[in-house]
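Reader: Please take one part of this model and look at it closely. Start with a turn in the backbone, then move on to other places that bear on the fold.

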Amino acid sequence: MMTENMLPPVYDPDQVEMERYRFWLDGDYFRASGDPDKTPFTIVIPPPNVTGSLHMGHALNNTVQDVLIRRRRMQGYDTLWLPGCDHAGIATQNVVEKHLAEEGIDSRKLGREKFLERVWAWKDTYLKRITKQLHRLGCSCDWSRERFTMDEGCSRAVRKVFVDLYHQGLIYRGDYMINWCSRCSTALSDIEVEHETEASTITHIRYPLSENGKMITVATTRPESMLGDSAVAVHPDDERYRGLVGKKVILPLLNREIPIVADEYVDPEFGSGAVKVTPGHDPNDFAIGQRHNLEVIKVIGEDARMTAEAGPYEGMDRFECRRQVVEDLKAQGLIEKIENYEHSIGHCQRCDTVVEPLISRQWFVKMKPLAEPAIEAVKEGRTSFVPPRFTRVYNDWLENIRDWCISRQIWWGHRIPAWYCECGQVIVDYEDPESCPACRSSELKQDPDVLDTWFSSALWPFSTLGWPDKTDDLEHFYPTSVLVTGYDIIFFWVARMMFMGLAFMKDVPFRTVYITGLVRDALGRKMSKSLGNGIDPLEVIENYGADTLRFTLVTGQAPGNDQRFRQESVEAGRNFANKIWNASRFVLMNLGEQKEKGEKLPQFDPDQLPENLNRADRWILHRFNETVKKTDRLFEEYELGEAARLIYEYLWNDFCDWYVEISKYHLYREGESIEAEADRNRTRSILVFLLDGVMRILHPLMPFISEEIWQQLPNRREEALVTAAWPGPAEKLDFPGEAEEMELFQQVVRAIRNLRSQVKLPPDRKAPVIIRVGGRSTAFLEEEAHQVKRLASVDTLTIHPESEKPKQALTAIIGEEVEVYLPLEGVIDIDAEKARLRKELSQVETEIKRTEGKLNSEGFLKKAPAEVVSKEKSRREEQEARLQKLQQRLQELN
């Protein structure tokens with residue numbers, strides 16, 4: 001008897017997801033208890049920037065975190081997923097400046113304080129927007145503990161770390177070569193510079209010797225920088241220049257004398273073996289200059305224009321100057337040659353401006369003493385990478401690390417806690433000073449710069465838990481369990497959190513680093529504004545639902561590997577959700593009169609199995625048990641994509657396509673006998689048990705639909721699926737023998753369906769089938785004959801070890817024991833079928849000839865793109881396979 005259930009006929013993800021998220025928030029299910037008797041499981045969210053909306057990379061990263069946290073919550077851990085946002089200094093300042101410019105406001109004229117008011121207003125708006133987006137995705141963060149990198153607690157932690165490192169001699173201020181972005185007007189650390197290989201030229205310039213006018217040739221890719229040359233360098237063992245070391249050359253265009261020095265850095269095999277040395281605009285030249293006490297001449301300013309030191313070129317843009325310098329050198333006959341040349345050019349990660357190496361007074365962190373413990377911690381296994389290959393990337397960077405430039409010439413960020421007195425005293429302290437400790441003057445000026453954004457981000461795992469105070473959260477939840485992040489910020493963030501955690505907490509910040517890849521478009525390209533191929537995750541959620549997006553992202557995920565985001569994958573995820581919904585409706589609509597009356601239904605107990613379990617029951621329980629075991633192992637190994645695919649296979653194929661269909665025989669069985677009612681009740685109890693269990697293992701992946709369905713199930717002992725117990729394997733549910741038999745049963749049904757499809761028999765047209773079977777398979781197939789007939793549209797079924805193949809029949813062979821025959825006489829018009837096959841054969845042969853003609857054409861192979869040629873080859877292979885099948889079927893009919 002069918003009864004009405006509480007699930008509507010059509011799944012509406014928008015309505016379900018809004019209501020279910022509100023249900024979770026109202027129930028406070030995401031809050032970590034902080035119970036010291038419970039095992040903690042902690043993830044701190046990689047804080048998204050308050051610069052706008054979340055992108056597809058955020059959707060993947062946060063989905064993976066939510067999958068991990070939801071499963072551990074169901075396993076009984078005290079789970080904390082701590083949310084928050086990053087102030088993102090340069091990026092946020094750039095965005096706000098652009099918005100102000102659109103209003104006709106110059107941020108510099110606005111002034112620091114007024115500008116910061118506008119940025120804080122921006123932050124308030126966009127932090128709320130990002131939080132709502134995370135809600136839409138289904139993120140089960142503990143929102144009571146939400147943090148911001150510039151909130152009061154995080155700011156206090158930043159100040160303490162800066163002051164501590166300064167007093168330990170690990171933070172210092174000095175004049176060094178840094179990366180300068182003229183657009184952002186700030187210094188950049190090495191890893192904020194992205195290098196791109198570009199086509200350029202290398203110019204060979206003749207420098208005349210002072211004493212005799214002979215020439216020495218140097219080569220450069222940046223001719224404008226020659227105006228700042230302080231020397232020409234040669235290798236000390238280069239015989240060609242041994243007599244010239246110590247002599248001088250005349251710098252062309254400016255007619256300044258500069259020395260020839262010997263330095264082992266010079267490669268005697270490159271070019272002429274002599275190089276120009278510009279200590280003010282090249283890091284390697286800066287090092288040479290320090291070794292030889294050369295003058296540092298700054299000819300390119302912070303605005304990327306030539307300075308007064310550039311003489312007649314003062315005020316020119318650096319690239320304009322480059323063209324003019326080459327023209328002037330040509331006019332003086334000092335260009336030996338200009339060659340095309342490809343080399344790597346650094347660009348600002350934020351705005352893509354070509355970075356200029358400049359000498360500047362900046363603040364630095366001394367890295368070697370901090371990096372060494374971070375390397376050792378990974379070598380000792382205290383923190384591990386998933387996949388392990390990224391350990392080498394981490395180690396390589398830390399082993400070759402340079403001191404970290406942490407000062408930025410912008411307004412938005414943690415202002416450097418250093419004050420300067422006119423007497424020359426520098427004051428760095430935990431509190432703002434009122435007077436100079438040396439001269440007692442109150443005329444103090446604070447450093448105008450702010451700290452690199454990544455400085456505060458490096459403290460995130462412990463500053464968010466209350467450090468520098470000794471809080472209960474810090475004691476209970478640190479170190480965190482897993483960090484989920486992309487491989488592109490191993491340098492920016494992972495390594496820095498490691499050395500800061502070890503320095504200030506004396507322990508690693510996380511036990512495991514799970515590395516995700518990038519989400520690329522369907523063609524494998526990186527999503528970017530310039531290509532216009534970005535996909536807004538919120539649009540996908542609006543059109544298909546959050547569960548569909550989550551499932552699409554997770555099934556495409558393998559740790560550390562990029563994935564392609566395809567529309568067909570999204571639609572497959574949507575179809576999966578609909579399939580789950582419809583199968584669940586079927587189960588709930590067939591629970592009998594007890595459900596309709598609100599009575600308790602017979603409950604399936606895996607520890608006390610009923611005696612009347614049939615073969616299909618044992619098989620589906622065995623498959624569920626196997627799925628639980630395997631998914632558990634895959635989740636523990638961080639193979640989330642494989643776990644998701646396994647659950648999909650079980651739900652779609654085993655449960656929906658097979659067991660639900662098989663169960664209809666028992667549910668709709670006629671008669672009111674005790675046996676029939678027991679059969680129905682057993683089937684109902686197994687359907688509910690399986691639906692309950694599979695919703696539990698599906699929940700971390702698709703939390704909304706699983707919670708909605710689970711809430712409609714009878715006999716629930718827990719109030720919410722989000723905190724319900726994770727299912728474990730049950731030894732009594734292992735039925736390998738029945739599983740093997742049911743596999744053969746499925747193969748037989750599929751074989752009959754395939755034979756019917758070959759002759760295009762409609763589903764409602766029943767046909768006779770003969771099965772020749774040997775060994776022990778005969779008895780069980782005879783027992784399941786009623787199901788074979790139901791599921792494969794069979795009217796008369798003959799099963800016998802000595803069955804003979806009829807003259808006109810299609811055949812399917814299954815293993816060594818089973819042959820399935822579909823007799824065609826009286827079922828189809830055989831002559832018409834032969835004519836149809838001959839016509840189809842002719843069409844396929846024509847198509848093969850056409851394809852072969854293309855592939856045999858030299859012109860086509862030369863002109864056509866490789867992708868087109870590959871498609872034609874695949875088409876030929878498909879048509880040849882089709883031809884073979886058609887010939888075989890025609891032979892069977894003959």
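Author: Start at the hairpin of β7 and β8. Six residues lie between its strands. Gly 213 takes a positive phi there, near 75 degrees. The model is predicted, and local features need pLDDT of at least 70, side-chain atom pairs count only at pLDDT 80 or more, and totals for chains, interfaces and linings use all residues. Residues are numbered from 1 along each chain as its sequence is written, and side-chain values use heavy atoms, leaving out hydrogens and water.

Now the strands. A strand here is a DSSP run of E with at least two residues, a helix is a run of H or I with at least four, and both are numbered from the N terminus. Strands pair if DSSP finds at least two bridges between them. β7 covers residues 193-208. His 204 sits opposite Ala 219 of β8. β7 also pairs with β13, residues 335-348. That pairing is antiparallel too, with 13 bridges. Here Thr 201 faces Asn 340 in β13.

Next, an open sheet. Four strands make it up, in the order β6-β5-β14-β16, with antiparallel pairing. β6 (186-188) and β16 (404-405) are the edge strands, each with a single partner, so one side of each has no neighbour in the sheet. β14 spans residues 356-365. It runs antiparallel to β16, and two bridges join them. Phe 364 has Cys 405 of β16 as its bridge partner.

Two cis peptide bonds deserve a stop. One runs from Val 386 to Pro 387, with omega near 0 degrees. Pro 387 lies in the loop between β15 (384-386) and α10 (390-399). Another runs from Trp 467 to Pro 468, with omega near 15 degrees. Pro 468 is in the loop that separates α12 (460-463) from α13 (472-477).

Move on to β26, residues 767-773. Five of its seven residues are buried (under 20% relative accessible area; exposed is over 50%, partly exposed in between, with a 1.4 Å probe and protein chains only). The strand is mostly covered. It pairs with β27 in the parallel sense, over five bridges. Ile 771 has Ile 799 as its bridge partner in β27. β26 pairs with β29 as well, residues 818-823. That pairing is antiparallel and has four bridges. Val 773 stands opposite Val 818 of β29.

Lys 760 has a phi near 55 degrees. Its loop runs between α23 (736-758) and β26. Lys 760 is exposed, at 55% relative accessible area. Ser 793 is not a glycine either, yet its phi is positive, about 55 degrees. Ser 793 sits in the loop between α25 (785-792) and β27 (794-800). Ser 793 is buried, at 15%.

Back to the starting point.
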